[in-house]
Every structure is written in structure tokens, then in C-alpha cells.
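Subject: Structure handover

Hello,

Here is the structure I promised to pass on. Please open it first, then read my notes below.

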Amino acid sequence: MPELPEVETTRRGLAPRLMGTRITGVRVREPRLRWPVTPELAEALTGTRVLRLERRGKYLLVGCDRGTLIVHLGMSGSLRLLQEEAPPTAHEHVDFTLENGWIVRLRDPRRFSALLWEPKEPSRHPLLARLGPEPLDRAFNADWLYRQTRRRRASIKQALMDGRLVAGIGNIYANEALFHAGIRPSTPAKRLSRVRCARLAVAIKKTLQLAIRAGGSSLRDYVGSNGELGYFQSKLWVYNRAGMPCRACGTPIRERRLGQRSSFYCPLCQC
């Protein structure tokens, strides 16, 4: 968390206030994030104008006239739009002040977020350069999934969470997409047939689209840029539902560990 839908929801919420606006200041209350926030970041951003607001996988890219701010929200981060005079509360570590009277405020209780300045082409940054296709783009399809999984011995669940195969999918949406495709998470990726790859590619796209429409999932700390909770967690079919009846067949949902992460599945619907 946050995964692609939460970052995309944040992007859409910030865009109307952020696009075309000049950043007039950066206030850092706590620099100890995943990587320390450097004084050079504030120097680079102050006075620059925001020209683009894009997303790449789980990364938010704030394109400015002097470079790009790369944002990752870690495990518990969120960006909120607030009026400039709003007092900070606990875990609110960084403010970006805008010339239109708003601020963008980073809140992150666990402090795994990252704020990085990239003066050159952001796609060449080491964190972005090796990412696979966007799951909602045409480049991600059954053929891509089939080709890229032929030599993967790991489970398909672990493969989906590898950003080099497809960008932006984490634990929640990997579990959900596999349920809708009828594929057990522990299935070796290389054993998926082309037909099953096609079914899974469709399920991934549909799951992510529905989650974006719901404003993402607010299972712990995530809120949108307006402070509102996402509500996709109320529509989950298997994630975090161990022991509860499958919404499709009534069989109790099972949980097992794959790659140190919890995986959830229906033993009857997913084979």
C-alpha cells in the first residue's frame, strides 16, 4: 500500500490545483523518510512551475520546468491538498506551498515514503528504468504476460508483484485479479497457458479500473488528496478474508504465505 489505484486517485485529485502552478516553498519537518530529504530538494523545487502530473506504476511524477519530483508513498504515505494555514498534525512531514494559496502535505506514519529530485529525463532514473508496462496500457496483454512468464519458476502471484513484469501491482490487487481469473496464487507462472494469461490480463485491468473508480482501498492509513477514504476494500473478494465464505461459492477463503506475503484464495473457484 498504496498501489496503482491509490496513486492514480491521488494524481487525479491533485491535478486541478497543482497543474500550471508555481511552487513557492518547501517546508520539511521530518527529513528521515525512506531516503533523507535533502536541502537541495527544496532549493530545486522553490520557484519552479508544475507542468505535468503523471504516474508510473506506484510512482507519482511531478514534472516541473527544471526537472521532476519523483514521489513514492511507501507503506502508509498520502498527499493531501490543504489551505496554507492548516496546522500540521502528527506524521505530517513535508509541505509544498503553492502560489495559489494551497499546500500539498505529505503524511506518512511509517516514513517509508520517498521524495527524489531528478533533473534529467525521469524514465532513466534507476527506480523507473526497469519497470514493465503499465497494466492499463495496450502493451500489457495476454501475449506479453505469456512471453514474460515462460522462464519464471516463481508463483504467478509473486510474478505479478515484480514491477519488471508489470508496473504498479501490489498484494491487494494481485490477490483480487487472480481470484477473478480463477487462478490459484501458488501456480507456477511458467505453467500458465496462453488462454489463462489472457483471462488474467483482462482481470487485472478490470480490477484496477474498478478500484480507481472507488478511490482506491483504505485498509490502513490511505486517504485521497481531499482527505476522503477509498471504498474498494468493501468490494474485495478474497484479500484479507481468510476463513470467511467465498462470495461466489461459500467455501471458506484460505491464506498462505508466498514470498513472505499473505496470499488469499478460494480453493474451489481458483485451481
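Two strands count as paired if DSSP finds at least two bridges between them. Helices (H or I, at least four residues) and strands (E, at least two) are DSSP runs, numbered from the N terminus.

A word on the source. This is a predicted model, in which local features need pLDDT of at least 70 and side-chain atom pairs count only at pLDDT 80 or more, while totals for chains, interfaces and linings use all residues. Residues are numbered from 1 along each chain as its sequence is written, and side-chain values use heavy atoms, with hydrogens and water left out.

The sheet

Start with an open sheet of four strands. The order is E2-E3-E4-E8, and the pairing is antiparallel. E2 and E8 are the edge strands, each pairing on one side only. From one strand to the next, the twist averages 20°. (Axes are lines fitted to C-alpha atoms, for helices over the stretch in contact; angles run from 0 to 180 degrees between N-to-C directions.)

Strands of a sheet pair through backbone hydrogen bonds, either parallel or antiparallel. Strand E4 (residues 67-72) and E8 run antiparallel and are joined by five bridges. Leu-69 stands opposite Trp-117 in E8. Ile-70 faces Leu-116, also in E8.

On to E3. Six bridges pair E3 with E4 in the antiparallel sense. A hairpin of two residues joins E3 to E4. Cys-64 has Gly-67 in E4 as its bridge partner.

Is E4 covered or open? It is mostly covered, with six of its six residues buried. Buried means under 20% relative accessible area, exposed means over 50%, and partly exposed is in between (1.4 Å probe, protein chains only).

Helix H1 lies across E2 and strand E3 (59-64). H1 runs at about 170° to E2.

Salt bridges

A salt bridge here is a side-chain nitrogen of Lys or Arg within 4 Å of a carboxyl oxygen of Asp or Glu. Side chains of opposite charge can pair when their charged atoms come close. The whole structure holds 13 salt bridges.

- Arg-12 with Glu-8: the closest N and O atoms are 2.8 Å apart. Both residues sit in helix H1 (residues 4-18), four residues apart, so about one helical turn separates them. Arg-12 is partly exposed, at 48% relative accessibility. Glu-8 is buried, at 6%.
- Arg-56 with Glu-134: the N to O distance is 2.8 Å. Arg-56 lies in strand E2 (residues 50-56), and Glu-134 lies in the loop between strand E8 (114-118) and helix H3 (142-148), so the pair ties together parts that are 78 residues apart in sequence. Glu-134 is buried, with a relative accessible area of 9%.
- Arg-105 with Asp-95: the closest N and O atoms are 2.7 Å apart. Arg-105 is in strand E7 (residues 102-107) and Asp-95 is in strand E6 (residues 92-98), 10 residues apart. Arg-105 is buried at 2% relative accessibility. Asp-95 is buried too, with a relative accessible area of 6%.

Which residues do shared partners join into one network? They are Glu-8, Arg-11, Arg-12, Arg-55, Arg-56 and Glu-134.

UniProt positions are given in the numbering used here, feature names are shortened, and annotations may be inferred rather than shown by experiment. The unreviewed UniProt entry annotates residues 2-113 as "domain: Formamidopyrimidine-DNA glycosylase catalytic". The end C-alpha atoms of that span lie 10 Å apart. The span is 20% helix and 39% strand.

For "active site", the unreviewed UniProt entry lists Pro-2, Glu-3, Lys-58 and Arg-261. Pro-2, Glu-3, Lys-58 and Arg-261 from this set are in the lining of the largest pocket. On a 1 Å grid over the protein atoms alone, a pocket is an open set of points where a 1.4 Å probe fits, with protein on both sides within 12 Å along at least five of seven lines; lining residues have an atom within 4 Å of a point.

Lys-58 lies in the loop between E2 and E3. Lys-58 is partly exposed, with a relative accessible area of 24%. Leaving aside neighbours within four places in sequence, the contacts of Lys-58 (heavy atoms within 4.5 Å) include Pro-2, Glu-3, Val-71 and Gly-168.

Arg-261 lies in strand E10 (residues 261-265). Arg-261 is partly exposed, at 35% relative accessible area. Not counting residues up to four places away in sequence, Arg-261 touches Lys-157, Met-161, Asn-171 and Arg-256.

Best wishes
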